[in-house]
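Open the model in your viewer and get ready to click through a few stops. At each one, you will find something to select and a note on what is there.

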Amino acid sequence: MNIAAFAWDNFQSSRRQKNTVLVMVTQGILAFLLLTLTMASATIQNHLSDNLETLLGADVVVESEQSFSENDRSFLDAQSEAVSETLIVPITLTNGDKWQRIELKVVDGNYPVQGNVSLSESATSTIFTASSAPSVSEIWIDTRLASHLQLAVGDQVTMGDTQYRVGAILRHEPDRILEGHSIEMRAIIRADEGGQALNFSGQAKFRYLINASSDQRIELKQWSEALSHPVNFIDRHAGGHPFAAQWERIENFLGLTFVLLFFMAAIAISLASRPKLVAAKNRLALLLSMGLSHRRGLMVAFVEWLIEFFATILPALLLAYLAQGLIQNEMASTFAGIETTFDIQAVLATIALLFFMFLSIQIPMFIELSKTSILSLIRGQSAGREGAMRVVWIGLSLAALAFAYTDNWLLTAMVIVAMTASLAVLIAMSFVVLKIGALWGKKRSGLLPFVFFVMKERLMAKSTQIIGLGLSVTLLLSSLGLMHDLNNTMNSQMRSNNGNLYVSDIAEPAVPNLRDWAAASGSEVSDLDPFVHASLVRINDLPVESFATQPSEARTRLERPIRLSWSEGIPDNNRVTNGDWWRVDDQDWAQVSVEGEVMTDLGLDLGDRLSFQIGEERHEYRIVSSHVFKAGGTSTTFWFRVPEIARSRIAAQTHYMGGVESSDAGWDTLSALLRDTPELHVVPLREITERIDATFALVRKATIGFSAIILALSVLVIIASVSGFEADDKRRNGLFLSMGLSNRDCLRLTLYEWTITALIAALGSVAGTWLMGTLVYSEQLSLTYDPSIALYVSVTLATVAAVVMLGLVLTRSAMSVSVRQQLHEA
Amino acid sequence: MTAPSTTRLDDVSHHFVTDEEEIHLFDQLSFVLNAGQVTSIVGASGAGKSSLLAIAAGLEDPKRGTITYTVKGEAVSSADFRKHTGFIFQHFHLLPEMDALNNLALPLRLKGDAEAFPKAREWLELIGLSGRANHKPSQLSGGEQQRIAIARAFISKPDFIFADEPTGNLDQKTATAISDLMLSFAKETGCGLVIVTHSAELAGLAQSQFKLDNRVLERVV
């Protein structure tokens, strides 16, 4: 006997059956998503590493938030073949009444150390290259800046007290990759022989482009790790693209969502596989009675499953390849020049993961098949424990998937706990409602009491359906609810901003300029919050990344300097959630209060010591309290606040931030203010709104996409939960018809049954969603959980309607056959 | 005294159509089934006995001819007639997820009988299975399952019971016991029992015996 041929015949006869199609479509959707993610990731990673090779502009780049000492600088010169120092400062460039916040690169005479700068006379003219920096009185501006400020080559611009001539339009620079994917407009000037070109008192970044041999690179790496302040060290020869870590986090987050999607797919596949198992057992028993051995019988079943698997994977692979092409087009604006990369190893690894996951769901089936005997044809099939086994294997597969992708075990654990709690709620509700319903109907007549009686007797089967439906609706509600709440959060952030112009950063010496401008133009400056720029460098004497090992938004943000503020009492817009704020007369200056989310993200406790690099000095503070935002007052909440008396011990420039209500005259004269004070950073509220809208649009796209996938899988679960028990329902309905129940009453019976099933599932899912929101929202997403009753009610009603309609349609089609045939078929 | 319930077939013919041909089962049959009587129909496999039974029971409509149903002298529709009938199947058709007691109580629960379970217990006692009340069908032998199926058919005291090869899946000894059970219940309840069977022995126990052969129904007794 040819096992493969026999299995192929079996596959051909079963592939058009409803439940087989369900299983294949469900597997196909999951495979398509995971393969698309793998292929897109491979393309991006390849692009990034290629970028690193060609766009770093040096063998090694060292970036620091503060300048190096003379000794360090001498070391760099000694351990390199060439060094170029660049100062990167955020300033405002003006032209007449136009102004634009830009990233200004102040380069030295050694720039660039590798490659050439691409320039042109205008945005559309021919590109030429330059192998040196602009002359001291020249500025090169990028095409967007030139367009925004309506500047052309030859025009003059003023920054502070210095005038610059626009020497060329900047098209590309060799160290372009280091701008990351910043959307800031750029310009380059050259420092004069004395050092910086500007008297700049704002926050700057120092970048050193270094050409070095392999031995020198080793020395440089060791030196960078021994420095007292944190630096970013990138070696072109050792990989480590600046964006690679970010992309990896995105990939891990998406992979984590697959845990949820796989959960739903597993439910759909399990439900649809029930009738397949019955048929498979019957078929195997018959073949055994014809002389086939158990071993060969199982091999036939396995090969048939394998054929089904590849019949799913191959189309999914093709579709994924096409999809990642579409995604690549979308990403072209972020990753210029990106090209498709087919990483066969990564694709095969993903296929292997899918193979393991789908096989895990079916292992209970193979175990049950192995117990099949010819006796089952004589005595009938007994109920196996396949259902319970499936739960175990699905759990193992979920764990494997989570292990493969997650980098945030806390979030993963919370989601799994929330889903498990939802599951428990659904099981409990099924049992309680059906038992109470049966008890209520015990001495009553009518269809409804009869329905409860029948449902209670079929508790296990009904529970499976309810759980499958309930978990799907939970995920759907959660993702729709998340979108709704994100929207509200962002809107509330917008509403809480004061004024129509936000001063993001103004140094203390420039504050009088601002106030003069406000007085002259009739504008109003609200209270400005003071701060100093500080970098968190140590927690309890450990480097930050050694203490806070879990990746998080806070940890990522703390790689750059933050704003450290101070106050006497608790600010109006904060409330203490843990510990005690310092008293007004407290002389202990070494205290700090930390924002709640930061505490959680970094795993901080009261009593932990935080060391900040502020200017040239290191300051250590002890955490005494934790605070969160409270409505009322300004919208600014500082992550770190120290007592007011600590300020006198900090030798650094004070900066301010706050809202301004600019008059019409104020808008007209704002550019003059910015020209005189280029390091002043202001953002019109409109721009903040646009950025929030852009961010939200991106989030909304992603959430809609995810919700659509959940919806598709939910529909499959509903279909599987109805069709998985169709044969049982047919037989049962046939029996009831033979007992005198009319067709109409049978339909009513079905209506009641499916309505009760759907209602329990829907109500259970509302409870599950509440659990999910409570657990995950505030802990991981920093969102206020604000469930929308209207959303929950509408999704619940839609679910109930869909389930009932589908149940009725399937029942009706079964009853169009004569009762006798129905019993015969059953 | 009320008139007995009846099923009257007048010039009934039936056939079914395959891809290639029309297969005629019987032509122009006329006979009457009365409650209170035991009637058997025998015939070779494929003669159309089960189809005739289904038509007489109101489960299917014949291709030609008329059927008149009366319940206690009043003419009723086939749907209403079915409310006064029960069925016994060759393959028992107990619900696998319900135990013996619940399977037995099913028709009474369907009719909203508040005393469904006490009555079911009585019938379990009658068929000698009171100790198996909580056992599922998979834990019962074929004979035990068929006893429950028979009791289930009789428990709601129908006017007619239609039995389709009720002993077809049973050994000789069990078949005899089942036959005796059915007939004694029919006598006690006064319902009309219509049995389709291969078994000459079972057929011979009926008061009216018919044979379906070559599309013709012939009265034997």
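Start by selecting B:Thr85, whose bridge partner in strand β7(B) is B:Phe160. Now widen the selection to strand β6 (residues 85-88) and strand β7 (residues 160-164) of chain B: they run parallel and are joined by 4 bridges. Strands here are DSSP runs of E with at least two residues, helices are runs of H or I with at least four, and both are numbered from the N terminus; two strands pair if DSSP finds at least two bridges between them.

This is a predicted model, in which local features need pLDDT of at least 70 and side-chain atom pairs count only at pLDDT 80 or more, while totals for chains, interfaces and linings use all residues. Residues are numbered from 1 along each chain as its sequence is written, chains are lettered from A and ligands numbered from 1 in the order in which they are written, and side-chain values use heavy atoms, leaving out hydrogens and water.

Stay on β6(B). Which way do its residues point? B:Thr85 and B:Phe87 point one way, B:Gly86 and B:Ile88 the other, and all are buried (under 20% relative accessible area, with exposed over 50% and partly exposed in between; 1.4 Å probe, protein chains only).

Next, select B:Cys191, which is buried at 2% relative accessibility. Then go to A:Cys746, also buried, with a relative accessible area of 0%. How many disulfides does the structure hold over all chains? The count is 0, where a disulfide is a pair of cysteine sulfur atoms within 2.5 Å.
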